[in-house]
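Hi,

Here is the structure I said I would pass on to you. Please open it first, and then read my notes below.

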Amino acid sequence: MRSIRVAAVAGLTLAFLAAAGVAPRADAAEQQNAQPAPKPKAGPAGPPSRPPAAAASSAEFERLIKAATEAREAQRWEDAADLYGKTVKLRPNYVEGHWYQGTAYYSLDDFAHGREAFRKVVRLAPKNGAAFAFLGLCEFGLKEYDRALQHLLQSRLLGVGDTRELGGVARYHAAILMTRIEQYEQALETLGEFAVEADDNPRVIEAMGLATLRLPVLPIEAPPDRRDMVMMAGRASYMMAARSPGTAKAFATLVDRYSETLNVHYAYGVYLLQESPDQAIEEFKRELELQPAHPASLMQIAFAHLTLGNAKGALPWSRQAVAAAPNAFAARKALGQALLETGEIDEAIRELSTGIKLAPESPGLHFLLARAYQRAGRLDEAGREREEFMRLDRLARTQRSGSQAVGGRVPERHEEE
């Protein structure tokens, strides 16, 4: 899953043209030259003559397009890149030329020139998800990881049409970059889409293993001596995402074999949360024995108690979570909810308001703050927070890869009182 290769690049043409709003046809140059038909003038009939320089320029453009197309179809990528470069010099707004030049450079692993070509494509076709995907992949090849993730996520929001292979590669690279910056749950959610598609490519399993074990490295940077453990963890998480009946056994085997390894008990606890929250709490406590004040485990114990309806039991764990990770919005959310449900309304408002400053786009925080304001009799503020919750909740339904995630499950309780 390293890259989109030769045949795949060639097969992306029609999808790109459709996404860019360019009607595909046999002769791209003909469409590029098309102009609205002039209104007939009074006088003798006959086509207007073109100036000699314009005719020569058009003929040269046609010749270059034909030669570039032949080079591309023969997979002579160096020639194709050079020839398409000449077409866009003649016509800088020729979006297909920049696209084909970019895919040629990408096929040559010339990511620097590919990046420049795709920058021009997204400027000319800003709603083209496939172009953003290639731009992000070129930036990844250049180790410009922050920009790469930004553009890969943009491609996911815009979509890449029916180009399944490109979509899969963009998804994979976005996920491993999320793991690198410690957005482990987002990475697992994104990689879980492969499980839904029954795609158990070893690269996917490896990436899921790194995210499961919360190792903030790219696959190429993973320690070779930990590969077996990474693959075992990845297989368990893949099975969890695929809802395989063997998931429990896979996690139990992982825990038995690597019980002293960091984040193994945490991963098992996350799996147990829905079916057995009491057992999940015990696994998180075992993780805390290995990693005292482990923020994610503290948060998950608090949320598990809240799920069980034990707000009083959640309170000390959520306070510890805030102390361990004061800038984690999920910790503030757990504490705010626990305080709200134990009747500490003013303190709940302070914690939830702090959480919103950390994560203003979290629907659940706005919902809880609306409840807190309602209980405090601050009805206007409650109404504003409820409206903001509804707006963000609608938005969240269309954006599966947001910018905020912290450890495990962060339940969103939306039931009205």
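**What I found**

Of the 417 residues in the chain, 51% are buried (buried means under 20% relative accessible area, exposed over 50%, and partly exposed in between, with a 1.4 Å probe and protein chains only). Please keep in mind that this is a predicted model, in which local features need pLDDT of at least 70, side-chain atom pairs count only at pLDDT 80 or more, and totals for chains, interfaces and linings use all residues. Residues are numbered from 1 along each chain as its sequence is written, and side-chain values use heavy atoms, with hydrogens and water left out.

The chain has 22 helices and zero strands (these are DSSP runs numbered from the N terminus: H or I of at least four residues for helices, E of at least two for strands). Taking contacts between residues at least 6 apart in sequence, 60% join residues at least 24 apart; a contact means heavy atoms within 4.5 Å.

Glu 287 is buried but has no salt bridge, and Arg 214, the nearest side chain of opposite charge, is 7.9 Å away. For a salt bridge, a side-chain nitrogen of Lys or Arg must be within 4 Å of a carboxyl oxygen of Asp or Glu; Lys and Arg count as positive, Asp and Glu as negative, while His and the chain ends are not counted. A polar atom of the Glu 287 side chain does lie 3.0 Å from the backbone nitrogen of Tyr 266. Apart from neighbours within four places in sequence, the contacts of Glu 287 include Leu 262, His 265, Tyr 266 and His 294.

Gln 101 sits in helix H6 (residues 95-107). It counts as buried because its relative accessibility is 11%. Leaving out residues up to four places away in sequence, Gln 101 touches Ala 81, Tyr 84, Gly 85, Val 88 and Ala 117.

**Aromatic rings**

Across the whole structure, a search finds 13 aromatic pairs. Rings of Phe, Tyr and Trp (its six-membered ring) pair if their centres lie within 6.5 Å; planes under 30 degrees apart count as stacked, over 60 as edge-to-face and the rest as tilted. Tyr 268 and Tyr 271 make a stacked pair, at 6.4 Å centre to centre and with 10° between the planes. These two are about one helical turn apart because they are three residues apart in helix H15 (residues 264-272). Tyr 268 is buried at 11% relative accessibility, whereas Tyr 271 is partly exposed at 23%. Elsewhere, Trp 99, Tyr 106, Phe 111, Phe 118 and Phe 134 form one aromatic cluster.

Two arginines also meet rings. Arg 91 lies over the face of Phe 61, 4.0 Å from the ring centre, and the charged end of Arg 171 sits over the ring of Phe 194, 4.4 Å from its centre. Here a charge sits over a ring if NZ of Lys or CZ of Arg is within 6 Å of the ring centre and within 35 degrees of the ring normal.

**Two loop residues**

Most residues other than glycine have a negative phi. Lys 143, however, has a positive phi near 65°. Its place is the loop between helix H8 (129-141) and helix H9 (145-158), and it counts as exposed at 62% relative accessibility. Arg 243 has a positive phi too, of about 60°. This arginine lies in the loop between helix H13 (227-242) and helix H14 (247-257), and is exposed at 77% relative accessibility.

Enjoy exploring!

Note on methods
A polar contact is a pair of N or O atoms within 3.5 Å; within protein, one must be able to donate a hydrogen and the other to accept it, and residues adjacent in sequence count only if both atoms are side-chain atoms.
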